[in-house]
Amino acid sequence: MTGSDFTILPRHVAVIMDGNGRWAKQRGLSRSEGHIEGAKTFRKIGEYAGNLGIQHITFYAFSTENWSRPEAEVNGIMALFGEYLNEALNRLDENRKKGIRLRFLGDKSAISPALRELMDSVEKYTEDMTKVNLNIAVNYGSQQEITGAVKALCEKAKNGGLSPEDITPELISSHLYTSGQPPVDLMIRPSGEQRISNFLLWQSAYAEFWYSDVLWPDFTEKDFDEALLAYQKRNRRFGGI
């Protein structure tokens, strides 16, 4: 399918990449092998979404809570992330031709200096791209994101640069990681779970949700199409009639 096959496309799609561990367990594999397959699906769906005409897509890769997982699993995920970053740097010219801008949402302070340097390089070299905005949430937690925005506004108020009546939803949005991007229109969660897991809470205030029992490594372009077709059938009233 192409973007023209859909009557309505969401501007911003968010994806919770869930089910890698269960996919591996079902096959007698290590959880790390599940994450490797999940990374392949991420690349496939990210590129497909851009080709369809989705302007903003955000993938939940690693949450602030995921540090509690076994050390070997966390190290494996970070190694995969490093591989992706190096691949992205090697494909900069290709990504620029496709108009892909890469951003990383989350607290970078807990990420290793080597990975942070790669993240900064990828962001810098794609910052002027405008066709597709591809966000990867790493060490991300929405409650922490909102708390950070509130702290920043309180600091401005303490210094006399902000009064209570100045605080609006738009001002808060401008202090989030997704500043300058539209709110989430469609939230996709595979693997059979039906919760938001501290992901883009503010940005998803009026998002449509679509769930699937398919585990993330098995998620295909056809599944993504199903989510988009379901979205265009929704009646989005935003609290109205």
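1. Start with Leu228, which sits in helix H8 (residues 221–233); helices here are DSSP runs of H or I with at least four residues, strands are E runs of at least two, and both are numbered from the N terminus. Leu228 is buried, at a relative accessible area of 0%. "Buried" stands for under 20% relative accessible area, "exposed" for over 50%, and "partly exposed" for what falls in between, with a 1.4 Å probe and protein chains only.

2. Who does Leu228 touch? Setting aside neighbours within four places in sequence, its contacts are Phe6, Leu9, Pro10, Leu52, Ile54 and Leu186, where a contact is heavy atoms within 4.5 Å. Lys25, by comparison, is 203 residues from Leu228 in sequence, and their C-alpha atoms are 29 Å apart in space.

3. A word on what you're looking at: this is a predicted model, in which local features need pLDDT of at least 70 and side-chain atom pairs count only at pLDDT 80 or more, while totals for chains, interfaces and linings use all residues. Residues are numbered from 1 along each chain as its sequence is written, and side-chain values use heavy atoms, with hydrogens and water left out.

4. Now the overall layout. The protein has eight helices and six strands, and reading from the N terminus the order is β-α-α-β-α-α-β-α-β-α-α-β-β-α. Among contacts between residues at least 6 apart in sequence, 76% join residues at least 24 apart.

5. On size, the C-alpha trace spans about 60 × 45 × 35 Å along its principal axes. The radius of gyration is 18 Å, which agrees with the value near 18 Å for a compact globule of 241 residues; it is taken over C-alpha atoms, and the globule rule is 2.2 Å times the number of residues to the power 0.38. Of the 241 residues, 46% count as buried.

6. As for the surface, the accessible area comes to about 12,300 Å², with 51% of it belonging to carbon and sulfur atoms. The areas come from the Shrake-Rupley method with a 1.4 Å probe, and for residues only the protein chains shown count as cover.

7. Gln181 is worth a look. You'll find Gln181 in the loop between helix H7 (169–173) and strand S5 (186–189), and it is buried, with a relative accessible area of 12%. Beyond its neighbours within four places in sequence, Gln181 is in contact with His12, His56, Arg103, Asn133 and Asn135. His12 is 169 residues away along the chain, yet the two C-alpha atoms are separated by 8.3 Å.

8. Last, the loop between S5 and strand S6 (208–211), where Asn198 has its place. Asn198 is buried, at 11% relative accessible area. Not counting residues up to four places away in sequence, it touches Tyr60, Thr64, Glu65, Tyr140, Gly141, Ser142, Gln143 and Gln144.

9. Phi of Asn198 is near 60 degrees, a positive value in a residue other than glycine. Leu200, found in the loop between S5 and S6, has a positive phi as well, near 50 degrees. Most residues other than glycine have a negative phi. Leu200 is buried, with a relative accessible area of 0%.
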